[in-house]
Amino acid sequence: MRFMVIVKATKESEAGVLPDEKLLAAMRKYNEELVKAGVMLAGEGLHPSSKGARVRFSGATRTVIDGPFAETKELIAGFWLWKVKSKAEAIDWLKRCPNPFPGEAEIEIRQVFEAEDFGAEFTPELREQEERLRAQMAAKTSSRWLRCAKEVRPTWRSHELR
């Protein structure tokens with residue numbers, strides 16, 4: 001089962017306040033544990049909504065609304081994508097997470113739909129098309145990561161030598 005783990009925004013995160021070194025180190029350690037356990041598939045922090053936009057759909061009409069957005073409690077500051085055996089396992093992992101903000105924080109867990117959740121409407125032809133698309137995405141993502149790693153690696157080594 002896959003779950004999206006959604007870190008809710010706070011007034012501070014929406015103001016652009018970044019985590020301190022101690023929290024960054026704690027999150028790095030936590031993310032390493034998730035990766036070593038084969039749980040973490042992806043994870044990123046997000047810029048404040050002031051740097052974002054929304055597109056509202058109404059029939060064929062599209063309306064763009066620039067941020068910031070007023071309801072902080074409805075905004076997202078970051079996310080993980082996890083693969084676990086159950087919601088209970090996701091909750092157990094989340095209980096071990098460092099508090100992402102000083103003070104109070106809220107993190108939501110939502111299960112991701114899988115192909116079998118769609119039933120007969122998701123025909124064998126549609127499943128095959130979806131599998132091809134996912135394979136194409138995986139190939140492009142892998143090649144991007146390799147290019148990025150080649151560009152970044154010399155920088156890491158120069159820091160290691162100091």
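## Helices on the sheet

Helix α3, residues 87-95, lies across β1, β5 and β6. Its direction makes an angle of about 155 degrees with β6. This is a predicted model.

Helix α2 lies across β2 and β5. Relative to β5, α2 runs at about 25 degrees. Helix α2 covers residues 21-36.

## The four-stranded sheet

An open sheet is built from 4 strands. Their order is β2-β5-β1-β6, and the pairing is antiparallel. The edge strands are β2 (40-45) and β6 (107-111), and each of them pairs on one side only. From one strand to the next, the twist averages 15 degrees.

Take β1 and β6 as one of the pairings. Strand β1 spans residues 2-8 and pairs with β6 in the antiparallel sense. The two are joined over 5 bridges. V5 has I109 as its bridge partner in β6.

In a regular strand, side chains alternate between the two faces of the sheet.

## The β3-β4 hairpin

Strands β3 and β4 form a hairpin, with 2 residues between them. G59 sits in the turn and has a positive phi of about 60 degrees. The pairing of β3 with β4 is antiparallel and runs over 6 bridges. One of the bridges joins A53 to D66 in β4.

Strand β3 covers residues 53-58. Of its 6 residues, the number buried is 0, so β3 lies largely in the open. Buried here means under 20% relative accessible area.

Strand β4 covers 61-66, and P68 lies in the loop between β4 and β5. The peptide bond from G67 to P68 is cis. Its omega is near 10 degrees.

## Aromatic pairs

The structure holds 4 aromatic pairs. In one of them, the ring centres of Y30 and W80 are 5.8 Å apart. The planes of Y30 and W80 stand at 75 degrees, so this pair is edge-to-face. The cut-off for that class is over 60 degrees. Y30 lies in helix α2 and W80 in strand β5 (residues 76-83), so the pair ties together parts that are 50 residues apart in sequence.

Both rings belong to buried residues. Y30 has 3% relative accessibility and counts as buried. W80 has 6% and also counts as buried. Y30, W80 and W82 form one aromatic cluster.

F113 and F118 form another aromatic pair, and this one is tilted. Their centres lie 5.2 Å apart, with 35 degrees between the planes. F113 counts as exposed, at 56% relative accessibility. F118 counts as partly exposed, at 42%.

## Arginines over rings

Two arginines sit over aromatic faces. R54 lies over the face of F69, at 3.9 Å from the ring centre. R96 lies over the face of W93, at 4.1 Å from the ring centre.

Note on methods
Residues numbered from 1 in each chain as written. Predicted model: local features only at pLDDT ≥ 70, side-chain atom pairs only at ≥ 80, totals over all residues. Heavy atoms only, no water. Phe/Tyr/Trp six-rings, centres within 6.5 Å; stacked < 30°, edge-to-face > 60°. Buried < 20%, exposed > 50% of the residue type's maximum accessible area, 1.4 Å probe, protein only. Lys NZ or Arg CZ within 6 Å of the ring centre and 35° of its normal. Pairing = 2+ DSSP bridges. Axes fitted to C-alpha atoms, helices over the stretch in contact; angles between N-to-C directions. Contact = heavy atoms within 4.5 Å.
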